[in-house]
Amino acid sequence: MEVIKFLLAVGFASTLMACAQKTEQSVDAAVTQASCGGMIYQNRFIVEWEDGHTSIENAESYEKFKSEFVKSNLKEIKKFYKDQEVQMLPLQDSSVTVDEKIMPTSTVSQNATATTYWGQQKVQADQLWNLGIKGKGVTVAVVDSYVQADHPQLFTRLSINTAEIPNNGIDDDGNGYVDDYYSVDFRDEPTTGKESVHGTHVAGIILADSAVPSADSSSPAMKGMAPEANLIPAPFINSSGSGSLSNAILALNYAAKRGAQIINNSWGGAGCEGGKALQSTFVDLDKQGILLTVAAGNSSHDIGDSPEYPAAFNLANQITVASSGASDFMSYFSNSSNKLVHIAAPGENIYSTVPFNKYADTLSGTSMASPFVAGAAALLKSAYPKATSVQIKDALLTTAEYSQNNQFRVTSRGRMNVYKAYLKLQSVMGN
Ligand SMILES: [Ca+2]
Ligand SMILES: [Ca+2]
């Protein structure tokens, strides 16, 4: 697997490893150029089968895996990869201890300031809210770290697997996961005493329920971009901030099968052999028409020169997002590329929900910019359910805002404006 930490400010050692494919593959020439490093799991393997499904297999060693598992399933196996982990650093390291959990119980005064919702205002989300467009009927998956699903502003938005009866110890819908009424936790180490705030923050940017008031006197309620969209949290990043590529793939495939129409990916670090496994999954999701929003990364570089994945996959239904600030300049930390990064969105000092000891807080990074676009896409999809992901992407990219003096180094040259994208989509789709 690869791991993957949220946002990505990553220095990779370059350790190219031999590919473990059964046959020559051309899944992605580009991925092989990426540097890769970090820990390789010696006893866990990602297997792509001829029938199209992917599984994760454990074995004592690589040799035993090849001589026993692969040998006995040779006809059915299409490709296999070593699982790997890549360490990346979030822009801001932020976590809370689990015993700090204090659920607010009463509603008190709200103290939003002019800058609290600068991002939502900049992209003119309120114009759509005023039209009653709030993401209703659209399902968004957050493939990330832990999400506090019982946060008051997220709990109301949880997508429910109606084919599953909760807490009866049975996999009622036969999807391979017992009691996944809400979701599945794909992390290797679900509880360590500390939790990252990342996933909860990302989820809130997309769809925190603005109809639920804050119960914390020091924190105003979050206004999610699409406050009536539905959430599938699919955590795979451990509380330490890293995760495995195999768990990411399981989480992505799970979200797709549960009906996610949009999947946000505020993480990176998938290079080399493992990057090919991830790309194969992304290509499959892309073929299903799922819109994939991806953080460009926080290494301040051009990912056309130094590819990072999944940011640089550049698929038809993928939108890779750079970060901009309140003054509408590219954030100093943001990755860019005139070919591979598509649009900028607010990513500095972004206020959103956090777990446990506070109601909401401020973080910065392309991890925050990507969910702005995911939420915008959910708004557009709810307004025009028949719009394809390509049409939604095109509407967002062709209406990005920029001035002649300030063009962003992204394909659209500008920063997202969801209201303008809505008007564009309206002209394409008709009323
Ligand atoms: Ca199930
Ligand atoms: Ca059940």
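1. In this predicted model, the six donor atoms around the calcium ion (ligand 1) subtend angles of 76 to 161°, and the arrangement is therefore irregular. For six donors to count as octahedral, opposite donors must be over 155 degrees apart and all others between 65 and 115.

2. Which residues coordinate the calcium ion (ligand 1)? The donors are Glu164 (OE), Asp171 (OD), Asp173 (OD), Asn175 (OD1), Tyr177 (O) and Asp180 (OD), at 2.2 to 2.4 Å. Along the sequence, the spacing of these donor residues is E-x6-D-x1-D-x1-N-x1-Y-x2-D.

3. Tyrosine 182 is found in the loop between helix 5 (152-155) and strand 7 (194-196). With a relative accessible area of 32%, tyrosine 182 is partly exposed. Together with Phe155 and Ile160, Tyr182 forms a nonpolar patch on the surface, and the accessible area of the three together is about 260 Å².

4. In helix 2 (residues 62-72), the buried residues are Tyr62, Phe65 and Val70. These cover an arc of only 60° around the axis, so they lie on the same side of helix 2. As a general rule, an α-helix has 3.6 residues a turn, so residues three or four places apart point the same way. On the face of helix 2 turned away from its buried side are the exposed residues Glu63, Lys71 and Ser72.

Note on methods: Residues numbered from 1 in each chain as written. Chains lettered and ligands numbered in written order. Predicted model: local features only at pLDDT ≥ 70, side-chain atom pairs only at ≥ 80, totals over all residues. Heavy atoms only, no water. Patch = residues over 30% accessible without salt bridge, like charges linked within 9 Å, V, L, I, M, F, W, Y side chains within 5 Å. Areas by Shrake-Rupley, 256 points an atom, 1.4 Å probe, with all protein chains shown as cover. Salt bridge = Lys/Arg side-chain N within 4 Å of Asp/Glu carboxyl O. Helix = DSSP H or I, 4+ residues; strand = E, 2+ residues; numbered from the N terminus. Buried < 20%, exposed > 50% of the residue type's maximum accessible area, 1.4 Å probe, protein only. Donors = N, O, S within 2.8 Å, 3.2 Å for Na, K, Ca; no water. Tetrahedral: all angles 85-135°; square planar, octahedral: opposite > 155°, others 65-115°. Arc of directions from axis to C-beta.
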